[in-house]
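Work through these exercises with the structure open beside you. Try each task before you read its solution.

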Amino acid sequence: MSNLPHELYTAVQTRELEQIVTQQHAISSATLMSRAGTAALDAIKNNWPLAKHILVVCGTGNNGGDGFELARQALAKKYHVSIFQLGDERAMSEETTATRQALLATGTEIQRFEGKLPTADLIVDGLFGTGLNREVSGDYALAIEAINQHDEGIPVLALDIPSGIHADTGKALGTAIHATITLSFLGLNTGLFTGDGPNYAGKICFDSLKVPSSIYAALTPTARRVTLESNGAGLAPRDRTGHKGLYGHLFIIGGDHGMSGAARLAAEAGGRVGAGLISVATRSAHSPYLNLTRPEIMCHGVENAGDLEALLSSANALTVGPGLGQGEWGTTLFQKAIETNLPMVVDADALNLLSKNPQHYDNWVLTPHPGEAARLLGCSSKEVQSDRFAAVEELQKRYAGVVVLKGSGTLISNGEAPTCLSTWGNPGMASGGMGDVLAGVIGGLLAQHFSLMDAACVGVTLHGMAADKAAAQDGERGTLAMDLMPQLRKLANLLY
């Protein structure tokens, strides 16, 4: 995705971009549709050079118009093209009607979808564009299922967005196209990168349709993809005179009985991204053993808030929650951590404690997964996932600071636009301890005096990239949290 724009837009915003193009730059909608058809045909040539028979399935919106235009241009290039249409052509826009008529003028038949589709080398999805906001039903649902169940191995090119995916939230509206490649035009939509979107979009490509680059200055994007290039200035090479005192002291608070591993993971992760000193405040029973395999970690047995208070005078950042538990011990230590006013990461059981006793604090980074976010908001995880942007915004309003809503397309918000979004990471991260590693990484960056937002953005990026490197090396399945450690060190030094 390195060649994709960083800016992401809602469906309304992409329509606003198109209006700016047509009204201020005298580029007609018909011209944009023609350019979209050309871009789609170029994508077919580049990605499937052996394809000869193209099956194009169109709806009645402008997305269907792009499909009709692609079909017309493909016919002119001697492709064998089969075109199917759903919906009443009387509902089409003027531009879509014109492209449909131009296609018919070639003598080509536009067939009605009646439950089956012929065999082809490639299927093009032009059913729904970015405006879909209702559950897919009827013949449209049947058409989507027919495309998804077509002969195994037949690739699918989705125009703009896979039909059935909500352009803003990424939610699958009942059923949706599983695309091999999604070719997005003019502006990338937020829903391609979070929620269900990544599971359906396949490889995402982009074409600006040759519009003036100045049009993008007129709108503040809803989201921006995070990268080390844009957010990682704090990872620049260190001064030759640097010493550990310059790079902070991170304190991990957690590791109740039977859960010392979570604190251990967070501690090493904080060290691997460069914190100068790492300490762990944990149960006394764990403190003699927790650092046996990582002696650089300083371990302290803590049984009450008084024990903790004396230790924290040397800390400049905290990570609270890994293995903390939700009993009296964890509750007491969490509250004492808040009273320090130090920058902190709040994760795992600390988030669950926070949901029971909501507080506002400007100097923390909250890192909930959808289940924890649901408890913090008093709703279901399904509701969180149905609109992750709304969820992260509401979390930030209620609890302040910076909120990292984990999951596919992790979102990071400090209450200001644009929300940041990470496209890094993979399903191999669905294993115990991954969240503890992220909490340690962000804490380690806070210790090095990164701002809350930069620590969150860079931390999420390092974490996801490290997991991608680990998966590329040995596969996704079976990836463990500790597998990220050597990758984190290299990435924190920009060695890839």
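**Exercise 1.** Is serine 82 buried or exposed?

*Solution.* Start with the ground rules. This is a predicted model, in which local features need pLDDT of at least 70 and side-chain atom pairs count only at pLDDT 80 or more, while totals for chains, interfaces and linings use all residues. Residues are numbered from 1 along each chain as its sequence is written, and side-chain values use heavy atoms, leaving out hydrogens and water.

Next, the cut-offs. Buried means under 20% relative accessible area, exposed means over 50%, and partly exposed lies in between (1.4 Å probe, protein chains only). Serine 82 has 9% relative accessibility, so it counts as buried.

Now place the residue. Serine 82 sits in strand E3. Helices (H or I, at least four residues) and strands (E, at least two) are DSSP runs, numbered from the N terminus.

Last, list its partners. Contact means heavy atoms within 4.5 Å. Setting aside neighbours within four places in sequence, serine 82 touches His53, Ile54, Leu55, Val56, Gln111 and Pro118.

**Exercise 2.** Describe the setting of histidine 150.

*Solution.* Find the residue in the loop between H5 and E6. Check its accessibility: histidine 150 is at 13%, so it counts as buried. Then look for a polar partner. A polar atom of the histidine 150 side chain lies 2.7 Å from the backbone oxygen of proline 118. Finally, collect the contacts beyond four places in sequence: Leu55, Leu117, Pro118, Thr119, Ala120 and Ile123.

**Exercise 3.** Which residues of helix H5 are buried?

*Solution.* Walk along H5, residues 138-148. The buried residues are Tyr140, Ala141, Ala143, Ile144, Ala146 and Ile147. Keep the helix repeat in mind. An α-helix has 3.6 residues a turn, so residues three or four places apart point the same way. Now ask what covers the buried residues of H5. The cover includes strand E2 (53-58), strand E5 (122-126) and strand E6 (156-159).

**Exercise 4.** Describe how H2 packs against H3 and against H4.

*Solution.* Begin with the terms. Axes are lines fitted to C-alpha atoms, for helices over the stretch in contact, and angles run from 0 to 180 degrees between N-to-C directions. Angles under 35 degrees count as roughly parallel, over 145 as roughly antiparallel, 65 to 115 as roughly perpendicular, and the rest as oblique.

Take H3. The axes of H2 and H3 come within 8 Å and cross at roughly 60°. H2 and H3 are therefore oblique to each other. On the H2 side, the residues in contact include Met33, Ala36, Ala40 and Ile44. On the H3 side, they include Gly65, Glu69 and Gln73. This contact of H2 with H3 divides into 7 nonpolar, 6 polar and 2 charged residues. Here Ala, Val, Leu, Ile, Met, Phe, Trp, Tyr, Cys and Pro count as nonpolar, Asp, Glu, Lys and Arg as charged, and the others, Gly among them, as polar.

Take H4. Helix H2 (residues 29-47) and helix H4 (residues 94-104) pack at about 50°, with axes 9 Å apart. H2 and H4 are therefore oblique too. Ser29, Ala30 and Met33 in H2 meet Glu95, Thr96 and Thr99 in H4. The classes of this contact are 2 nonpolar, 3 polar and 1 charged.

**Exercise 5.** At what angle do H15 and H16 pack, and what is their contact made of?

*Solution.* Helix H15 (residues 434-447) and helix H16 (residues 452-474) pack at about 135°, with axes 8 Å apart. That makes H15 oblique to H16. Among the residues in contact are Val437, Leu438 and Val441 in H15, and Ala455, Ala456 and Gly459 in H16. The contact of H15 with H16 has 13 nonpolar, 2 polar and no charged residues.

Technical notes
Polar contact = N/O pair within 3.5 Å; in protein donor to acceptor, adjacent residues only side chain to side chain.
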